[in-house]
Amino acid sequence: MDNTSQILERSAELFSGRRLLLVNPAADGLTRSLSADWTLWSWDYAAARGLAGALPEDRLVFSHLCPQVDDLDAAILVMPKAIERAEYALAQMLPLLAQGKVVYLVGEKKGGITRAEKLLGRYGAHPEKLDSARHCQLWRVVVDQTVAPFQLQDWLQQYELTVDDQALHLVSLPGVFSHGRLDEGSELLLAEHRALPEGRVLDFGCGSGVLSVAMARRNPGCRFELVDIDALAIYCAGQSLALNGIEAEVYPSDGLSDVHGRFVAVISNPPFHTGIRQDTSIAERFFNQVTRNLLPRGELRIVANGFLRYPPLIEEHIGPCQVLRENNRFKVYSAVAPG
């Protein structure tokens, strides 16, 4: 069981028998071991898949928006990696709590829980730390003020980029990769103008959709499909495509779990962090599995930090790897499947 769930179990008397909203849950057995009237909100597709069957479908919500739950006794937020994602979540959770009810914040000490007092102090006068164990902390505050209703448009950021002398209009939400800007890795990948093969193209870990928006304009013979594990990214990518008049399919996937069929190309700025820890396992699993989704002579084109030892993994699973572009931090790799 996740450390955050274990520390919640240590204070089971606070939660047992209560009507609770749990946000950003770990995919473990907490809701089975701690008897309460649970509703879960997750923006992590892997966690949502892992929890499937633990609760009725209407009590486990995968979305960029918090489910509307009446008569809550308390709400619990498992601290996300990005502090702005925590603020976004709390802004949706707090209007569901009447004054006098309680909001809890739990998280790892290295993951931002040290900001708990400041975050909770916006909603109540006396935030308090209840427990500290397993490298985690549990905080709470009693809500003592009226909280304004949540408005999604207050959190959406629309911004414009110029690529190939064309304006791209993009939408982002807190915690979506490269929120509100073009990251250096994606910029380097887009600097490579070599055409993609015509046909189906997969954008793996699409974020706000910048790669597909730019490459769809360059490659009108391609049909793009965008996948991401993050519900907020899925929503933003869909909005970005619509703003730019590009038709493409966007859907959630845990790695390649929900990707079907084969593609002439796969493009990606793949994630290499899980939570607060550097983690290349997502990319390793991706290289191992992506061959089943590449047509013969299909191309994998990715950008990655230069210190990551991706070329041996790419060559082991796909084929000879070449560097198309590089700077002092990133490299753009290309490999073509045999066939």
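What radius of gyration does the protein have, and what would a compact globule with 339 residues have? In this predicted model, the protein has 21 Å. A compact globule would have a value near 20 Å, so the two agree. Along the principal axes, the C-alpha atoms fill a box of roughly 60 × 40 × 40 Å. The fold holds 10 helices and 18 strands.

Of the 339 residues, 52% are buried. Contacts between residues at least 6 apart in sequence were also examined; 65% of them join residues at least 24 apart. The accessible surface comes to about 14,900 Å². Carbon and sulfur atoms account for 45% of that surface. The protein carries 33 positive and 41 negative charges, and their mean positions are 4 Å apart.

Aromatic rings were then paired. A pair of aromatic rings is described by the distance of the centres and the angle of the planes. The count comes to 9 aromatic pairs. One of them joins Tyr88 and Phe150: the ring centres are 5.6 Å apart and the planes stand at 85 degrees, so the pair is edge-to-face. This pair links distant parts of the chain, 62 residues apart. Tyr88 sits in helix 4 (residues 83–93), Phe150 in the loop between strand 7 (136–142) and strand 8 (157–163). Tyr88 has 0% relative accessibility and therefore counts as buried.

Phe287 and Tyr310 have ring centres 5.2 Å apart and planes at 80 degrees, so this pair is edge-to-face. Phe287 belongs to helix 9 (residues 281–290) and Tyr310 to helix 10 (residues 310–317); the pair therefore ties together parts 23 residues apart in sequence. Both Phe287 and Tyr310 are buried. Together with Phe204 and Phe286, Phe287 and Tyr310 form one aromatic cluster.

Key
Residues are numbered from 1 along each chain as its sequence is written. This is a predicted model: local features need pLDDT of at least 70, side-chain atom pairs count only at pLDDT 80 or more; totals for chains, interfaces and linings use all residues. Side-chain values use heavy atoms; hydrogens and water are left out. Helices (H or I, at least four residues) and strands (E, at least two) are DSSP runs, numbered from the N terminus. The radius of gyration is taken over C-alpha atoms; the globule rule is 2.2 Å times the number of residues to the power 0.38. Buried means under 20% relative accessible area, exposed over 50%, partly exposed in between (1.4 Å probe, protein chains only). Contact means heavy atoms within 4.5 Å. Accessible areas come from the Shrake-Rupley method with a 1.4 Å probe; for residues, only the protein chains shown count as cover. Lys and Arg count as positive and Asp and Glu as negative; His and the chain ends are not counted. The place of a charge is taken as NZ of Lys, CZ of Arg, CG of Asp or CD of Glu. Rings of Phe, Tyr and Trp (its six-membered ring) pair if their centres lie within 6.5 Å; planes under 30 degrees apart count as stacked, over 60 as edge-to-face and the rest as tilted.
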